[in-house]
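Please have a look at the sequence and the model before I go on.

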Amino acid sequence: MAKILIIDDSPTDVRVFTTLLEKAGYSVAAVSTAEEGIERVRAELPDLVIMDVIMPGMNGFQATRTLTRDPVTSNVPIVMITTKSMETDRVWGLRQGARAFITKPVNEKELLTCINDLLPSAA
């Protein structure tokens, strides 16, 4: 069972994503800050990270850059999910190392397809 870590400060979004992902057969954990997320990724090396962009303190762009430039965590795929819908935001997120960039509200099928593409042997 693939492990997915959600890094998002919105309890509502975390609940929605957790329900969706657990129903699809994934093991899910969540943290509410980018700093805590970086620590958890380094400690647990999940199979995939779902990263919000707008969070207090460090934002998702900074956290993604930190994780993708760290040799220990650089192979963990990151899917950015955000309300930031400008093309420049998408390009910037991908330049920071995200493997995918999805805008909220999230289409359930789109998210699961994206995750399955990044984790071909998972669920």
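The term we need is salt bridge, which means a side-chain nitrogen of Lys or Arg lying within 4 Å of a carboxyl oxygen of Asp or Glu. As a general point, side chains of opposite charge can pair when their charged atoms come close. What you see here is a predicted model, and by that rule it has eight salt bridges.

I would like to begin with a network of salt bridges, in which Asp-8, Asp-13, Asp-52 and Lys-104 are linked. Within it, the side chains of Asp-8 and Lys-104 meet with 3.3 Å from N to O, and this pair joins distant parts of the chain, since Asp-8 sits in the loop between β1 and α1 while Lys-104 sits in the loop between β5 and α5, 96 residues apart.

Is Lys-104 buried or exposed? Its relative accessible area is 19%, and because buried means under 20%, Lys-104 counts as buried.

Let me turn to another pair, Arg-42 and Asp-70, whose closest N and O atoms are 2.9 Å apart in a salt bridge. Arg-42 belongs to helix α2, whereas Asp-70 is found in the loop between α3 and β4, 28 residues apart. Arg-42 is partly exposed, with a relative accessible area of 40%, while Asp-70, at 13% relative accessibility, is buried.

Key:
Residues numbered from 1 in each chain as written. Predicted model: local features only at pLDDT ≥ 70, side-chain atom pairs only at ≥ 80, totals over all residues. Heavy atoms only, no water. Helix = DSSP H or I, 4+ residues; strand = E, 2+ residues; numbered from the N terminus. Buried < 20%, exposed > 50% of the residue type's maximum accessible area, 1.4 Å probe, protein only.
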